[in-house]
Amino acid sequence: MRFSEFIELVKVEYMMVAAEILRRKAALFTIVAWPYVLMLFVVIIGSIMGGFTYFQQNVGVNPLLFFITGSYLLMTSLAFFDEIASRFLYDEFIGTLPYVIISPTSKVVLALTMGIPRLIINVLMGLTSLIPIYVYLRGPQGVLDAFVVILLSIFSALTFATLAVIFASIVLISGGKWRAMNILRPLMLLLSGVMYPRYLLPLITKLITGFVPLAHSVEVIQLFIRYNTFSEYMFMLMGIATALAIIYLPISMKGLRAWELKYIKEGAKT
Amino acid sequence: MDAIVVRDLVKRYITKKRLGLLKSKVEVVEALKGISFSVRYGEVVGLLGPNGAGKTTTIKIIATLLIPDRGEVYVNGIDALKNPREVRRNLGLMLTVEKGFYGRLTGRENLTYFGTLYGLTGQALKERVEYLMKLLELDKLGAADKLYEEFSLGMKARLAFARSLLHDPPILLLDEPTLGLDPISARKIREIVKSLAHEQGKAILYTTHNMFEAEIVCDRILLINKGMIVAEGTPEELKSKIPKLKVIRLLVKPNNINYEKLMDRELGLKPQVRNVGGGVELRLSVTKPEEVLNEVLKLLVPKGIEVIRLSIEEPSLEDVFIYFAKGK
């Protein structure tokens, strides 16, 4: 596939996501409001257990900042997984999947382009969800911090993309499909460390998170919002995340091919 | 070279039949029992059969959307089972008319999306989309800038047909393309199908269970029933394969008699019965029309049944199909 064809594919995928969001006001509202809703939910539940000061003592970051960043990161990083798994399931439901399958476009390329428009939209939403709270808590410096977090979240989403394709393939291959998605999503939430710092996790879970690129990039972001600077350790984490993403690429390709083969063996549903 | 060659195609489905809350029984359904046929360039071949005959299964296998248990499929000389990706470039597919597009996109956007998936880009894509919208009169119907979820069935069918033509494939697989359509949309699609085959030389495999449509659209017909091709030929050839068959058509009154039951019980005949204006029409496909007619009149007249009209006709394609479907 030529690069120009790839760009065209991203454009039409963007047209699809934009139509889905902009032509449905409820979807647009949900995207803008979701990080705030999730942040408030976690903060309220957290306040019942402990307090703002207790959290800040243990984690070293203001809980509002921690959870708005976490919610935003979750939304951005899961863009690929959500888009790939749910889009193919949706395609099957509305009857477009046979036409997608028989198109000459590589399904792996298609899967990877599917996530990009959602990522772009989510990144733009960062302007509404991150900047106000960062400015409120950190003053003008907050604008710069928020932009760094947005850039890091793009890195986090891109390095998570290949593992997301593997997870999406599992969802698509499994008989349960939507049920499998409902199991994998919270699991990713836990393993990413987005809502709960990695170093506070039990040893086994902590070891597993070592294989999740998202967990490393999330740790980088958490360290950044805590210390406001980049260290060698943070660059090492970014390197590990990148390496893992590359390692997962061939597996993700095999995963999608396995799903395609299963789909054809069972017979395309119309 | 033939456009499509199918040899000894077999497909079995394993299904689970529920017998209760926990019990189930595995059943093997033989959808295709070794069918073979070919389609040449420049012809429309009709795959004609009732629901569940194996038409869609055949289309899906040729379209590389289903793997057969046995057999060979060649599309444009390419082995469909070994090189599905190559085969897909040569095919245009239309599976169902009522769905298969994105509801939040307009007609034009949907075609643009699928065109990009088929490798068209830039000006070429734009021109192709506009050409197809004009060809299928989607622009006239206002479907180009209307959301797909607001489409009528006729618009949906035209858009589905347009999609199958996006990459200008030499071979088209159309699965019941006019099912449920209004007469104008159905006629438009039939006209284009014929011109694509006869003027542009495309090979078209066209499934339908509408005899009238098969007769007017198809150059050749394959009668398929229970996974087997029971007869093959042009509509005229098929009719001539049952030379002794004649059709007795009777218009009788009153309407409130169960003629099917009466004739089956008294004469062992199974007429096709339908209510028409002015009475009930009975159609009987028989080899000795005079004898049967005599018996039928002897049965009906003494019961006070009025015979308004009576004729003995040559069989239609529908009669041919019923004849072959019943195993001659």
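Tutor: Before we start, one term: a strand here is a DSSP run of E with at least two residues, and strands are numbered from the N terminus. Keep in mind as well that this is a predicted model.

Student: Got it. Where is B:Ala3 found?

Tutor: B:Ala3 sits in the segment before strand 1 of chain B, and that strand covers 4–18.

Student: Is B:Ala3 buried or exposed, and how do you know?

Tutor: Count the neighbours. The cut-off for buried is 20 or more other C-beta atoms within 10 Å. B:Ala3 has 25 C-beta neighbours inside 10 Å, so it counts as buried.

Student: Which residues does B:Ala3 touch, leaving out those up to four places away in sequence?

Tutor: Its partners are B:Val39, B:Arg40, B:Tyr41, B:Asn76, B:Pro170, B:Ile171 and B:Ala203.

Student: What about chain B as a whole?

Tutor: It has 11 helices and 14 strands, and 43% of its 328 residues count as buried. Among its contacts with a separation of 6 or more, 71% are between residues 24 or more positions apart.

Student: Now chain A. Why are helix 12 and helix 13 of chain A called roughly antiparallel?

Tutor: Look at the angle. Their axes come within 8 Å and cross at roughly 160°. Over 145 degrees counts as roughly antiparallel, so helix 12 of chain A is roughly antiparallel to helix 13 of chain A. The crossing of these two helices is left-handed.

Student: Which residues meet there?

Tutor: From helix 12 of chain A, the residues include A:Pro213, A:Val220 and A:Leu223; helix 13 of chain A brings, among others, A:Met234, A:Leu237 and A:Leu244. By class, this contact has 10 nonpolar, 2 polar and 1 charged residues.

Student: Back to chain B. What makes strand 11 and strand 13 of chain B a pair?

Tutor: Pairing takes at least two bridges between the strands. Strand 11 (residues 246–253) and strand 13 (residues 279–286) of chain B have 7 bridges, in the antiparallel sense. In one of them, B:Leu250 has B:Leu282 as its bridge partner.

Student: Which sheet do they belong to, and what is its strand order?

Tutor: An open sheet of 4 strands in chain B, with the order 12-13-11-14 and antiparallel pairing.

Student: What makes strand 12 and strand 14 of chain B edge strands?

Tutor: Each of them pairs on one side only. Neighbouring strands in this sheet are turned by 20° against each other on average, direction ignored.

Student: Which helix packs on that sheet?

Tutor: Helix 10 (residues 289–300) of chain B, which touches strand 11, strand 13 and strand 14 of chain B. Its direction makes about 15° with that of strand 11 of chain B.

Student: How do you know that strand 9 and strand 10 of chain B pair?

Tutor: Same test: at least two bridges are needed, and 5 bridges join these antiparallel strands. B:Leu222 stands opposite B:Glu232 in strand 10 of chain B. Their hairpin has 2 residues between the strands, and B:Lys226 takes a positive phi near 50°.

Student: Last one: how many residues of chain A are in contact with chain B?

Tutor: 26 residues of chain A, in contact with 28 of chain B. Helix 1 of chain A gives the most to the side of chain A that touches chain B, with 9 residues.

Technical notes
Residues numbered from 1 in each chain as written. Chains lettered and ligands numbered in written order. Predicted model: local features only at pLDDT ≥ 70, side-chain atom pairs only at ≥ 80, totals over all residues. Contact = placed C-beta atoms within 7 Å. Buried ≥ 20, exposed ≤ 12 C-beta atoms within 10 Å, placed from the backbone. Axes fitted to C-alpha atoms, helices over the stretch in contact; angles between N-to-C directions. Parallel < 35°, antiparallel > 145°, perpendicular 65-115°, else oblique. Left-handed = near helix turned anticlockwise from the far one by under 90°. Nonpolar A, V, L, I, M, F, W, Y, C, P; charged D, E, K, R; others polar.
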